[in-house]
Amino acid sequence: MIKDTLPQSHLSILNLPWGLDWASLFHRQAPLILEIGFGYGHFLDYLHQTRPDANIIGIEVDHHCLDKVERALIRKNFTNVRVVYAFVASAMHHLFAPNSLSEVHINFPDPWFKSRHAERRLMQRETLNLIVDRMQVGAKLYLATDIVEYAEMSADLLETTPALTNLLTSRWVNERPHPVVTKYERRAIEQGRICHHFMYERNTTPTPAYPLQEELSMPHIVVQTPLTIANLADQLVPEDLDNDELHIHFLSRYTNPKAILFEVFVHEPSLEQHIGVMVVQREESDEVTIKINSIGSPRATRGVHRAVGLVGEALLRLSPTAVVLQDKIQRGQ
């Protein structure tokens, strides 16, 4: 359950319960509508007016837009709309269960023109598969873009998604299916660009399965070692990890007489985090604990477990007599 005292402005992929029952947030059971990238909130306002029967979620990563819309929702007392800081893949992996969404709206996503930024585009195969897996049979998917190249790319993706059925008689139409004009659509019209609108429906064809990823327990390791924090301060150098699924980079190290703190970047397919991994000397003991620092609202993912494990492995390499007393690291898939 979500605590009633949780301010709306704090809703984030980093502090919402994963595997969230959205009805507990809205205090009612209702169809769940999602807008991905809500900008200045014009379309969320429209959904509030036209769909009072629905629970409406907007996700966004631009902090200026989040702040502006959060304050507007509180001022207007929109009880059926919530906004959340989250990237699309993170939200799909951790916040929305399969078959939970009744509508998805994507209005004028960033095209990310440069080839080196291609992986950031919202409309790509893996992300679309995730979204479709979270949609109920009969759920609608709406997409709008003013970039013809993005429209053509999106059309190719949508047409090759067996679980989606095109509700239009053409690949797209240039007339919007609703009366509201969003910030980016107005800008496109003013600059003379034609807008392209898509409308698809989730059918009964099975999709690739993406189980909802829930949070693991917090990792820690306790090691008995003859080395003190003073000894470890200069010698303890964990190795970075880079593979197809996981990127862990140790960025900075800070020390005091009782602890070492590593600043670590962890990138996984579902989430990016900057975390702190601490090595703490136990009082009057030859034991040290390796654990996560609480700064930054870290979430206990497989990558975070692996980061703690890398520090433990580095520590064990420094002394042949070091012994692991506790190991709360979840390894493997």
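Trainee: Which residue stands opposite Val 84 in S3?

Mentor: Strands here are DSSP runs of E with at least two residues, and helices are runs of H or I with at least four, numbered from the N terminus. Two strands pair if DSSP finds at least two bridges between them. In this structure, Ile 59 is the residue opposite Val 84, and strand S2 (residues 55-60) pairs with S3 in the parallel sense over 5 bridges. This is a predicted model, where local features need pLDDT of at least 70, side-chain atom pairs count only at pLDDT 80 or more, and totals for chains, interfaces and linings use all residues. Residues are numbered from 1 along each chain as its sequence is written, and side-chain values use heavy atoms, leaving out hydrogens and water.

Trainee: How many residues of strand S3 are buried?

Mentor: Buried means under 20% relative accessible area, exposed over 50%, and partly exposed in between, with a 1.4 Å probe and protein chains only. Strand S3 (residues 81-85) is mostly covered, with 4 of its 5 residues buried.

Trainee: Is His 105 buried or exposed?

Mentor: His 105 has a relative accessible area of 5%, so it counts as buried. This residue lies in strand S4 (residues 101-107).

Trainee: Which residues is His 105 in contact with, leaving aside its neighbours within four places in sequence?

Mentor: Contact means heavy atoms within 4.5 Å. For His 105, the partners are Ile 33, Leu 34, Glu 35, Ile 36, Phe 43, Leu 47 and Tyr 142, with neighbours within four places in sequence left aside. Likewise, Trp 22 has contacts beyond four places in sequence, including Val 84 and Phe 96.
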